[in-house]
2 protein chains.
Amino acid sequence: MASAKRSPATRRVRYQVACSLDGYIAGPSGEFDWIIPEPEFNFDELYAQFDTLLMGRKTYEAVRSMPGVFGDKHVIVASRTLRQTDPSDVEVVGEDLEQRIVDLKKSPGSDIWLFGGGELFAQLLAWGLVDTVEPAIVPILLGGGLPLLPAPAAQYPLTLERHRAYSSGMIVLEYAVRSPAEAE
Amino acid sequence: MASAKRSPATRRVRYQVACSLDGYIAGPSGEFDWIIPEPEFNFDELYAQFDTLLMGRKTYEAVRSMPGVFGDKHVIVASRTLRQTDPSDVEVVGEDLEQRIVDLKKSPGSDIWLFGGGELFAQLLAWGLVDTVEPAIVPILLGGGLPLLPAPAAQYPLTLERHRAYSSGMIVLEYAVRSPAEAE
């Protein structure tokens, strides 16, 4: 069972997303067609590190129809408008999101994949609940779209922990999020 | 004398900038204070690869007071409002910018450093006059500021040519710009 690297008792919330060099996670109309397949990238290995997928409503609605995208993972959708019963195979969390994530991180299990989008990332950053940011930078300038982190947001210093370049030109960067107080 | 890598007869225009992970080259008020010093980075070696610095008026006005920032380089400021005589140590180019850069790339010399900002980058991209994008990604989320490439812009596929991580957590990515027609 995967566990958090620094503190074995805490599951990490990890924002793992494909991102253009100019900082977009989707095109202006939510397009994903610019994300080039990378045969070297071991998606299964990544996928196995998580047991929970956490996402905003818009991301959920954009990806829910992709075959097998959720696999056997527990899916949590942050939404104040989506009804829990529709559908019943995901957990919808509204007002109590912060406490739900705090509890989730303390409970046993693997890491939690923050699947997107940028607005949920910004909210979780503000609550101090994001452990890592792991953009897979696709070699393209999109020129517009849905941002990795919508402005305005606070400044968050990061620590580069790992990086790996792939033959397609994709480069995965792994950062730990430092609290603003940790900044020099 | 440094010369272009692929075509020895052509000087390259290279967009070398410090950039936050969320895609900003300066803070909301033009701040540079988030750019952490990187002792390992050989600035002199980089600087020696260029004989010309090309920048927009706002970048020029932001950096002109930094001691020695222009060294012995030829400085070209793209501006329709700045007067050539004020000051006289830089070349101001207005309406004729595209032809000036075309001519400059054909003339003998070292590479041309596109010093910023994002608006000039977007214009030169649209003219097909940018050879490389070389962001030095600083480990921080700025949450807002002056973008690497202001939206809306066209899509430009890139080729990752090199990357190097530094001990501060900065990682320099070097991409060649492919024309949209080169995209698969």
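Among contacts in chain A between residues at least 6 apart in sequence, what percentage join residues at least 24 apart? In this model, which is a predicted one, the figure comes to 70%.

Let me stay with chain A for a moment. Its secondary structure consists of four helices and eleven strands, and the radius of gyration is 16 Å, close to the 16 Å that the globule rule gives for 184 residues, so chain A is as compact as a globular protein of that length. Taken along the principal axes, the box filled by the C-alpha atoms of chain A is roughly 40 × 40 × 35 Å, and buried residues account for 40% of the 184 residues in the chain.

Turning now to the pair of chains, chain B can be laid on chain A by a turn of 180 degrees, with a shift of 0.0 Å along the axis and an RMSD of 0.0 Å. The two copies are thus related as by a two-fold rotation axis, and in chain B it is B:Gly23 whose C-alpha is nearest that axis, at 2.6 Å from it. As for the interface, 100% of the interface residues of chain B are also interface residues in chain A, so the copies meet through the same surface.

Finally, the nonpolar core. The largest one has 99 residues, and those with the most contacts inside it are A:Leu114, A:Leu158, B:Leu114, B:Val130 and B:Leu158. If we look at B:Leu114 in particular, and leave aside residues up to four places away in sequence, we find that B:Leu114 touches B:Val13, B:Arg14, B:Tyr15, B:Leu54, B:Leu120, B:Phe121, B:Leu124 and B:Val130, and B:Val130 is itself among the residues with the most contacts inside the core.

Note on methods: Residues numbered from 1 in each chain as written. Chains lettered and ligands numbered in written order. Predicted model: local features only at pLDDT ≥ 70, side-chain atom pairs only at ≥ 80, totals over all residues. Least-squares fit on C-alpha atoms with pLDDT ≥ 70 in both. Contact = placed C-beta atoms within 7 Å. Core = buried A, V, L, I, M, F, W, Y, C linked by C-beta atoms within 7 Å. Buried ≥ 20, exposed ≤ 12 C-beta atoms within 10 Å, placed from the backbone. Helix = DSSP H or I, 4+ residues; strand = E, 2+ residues; numbered from the N terminus. Rg over C-alpha atoms; globule rule 2.2 N^0.38 Å.
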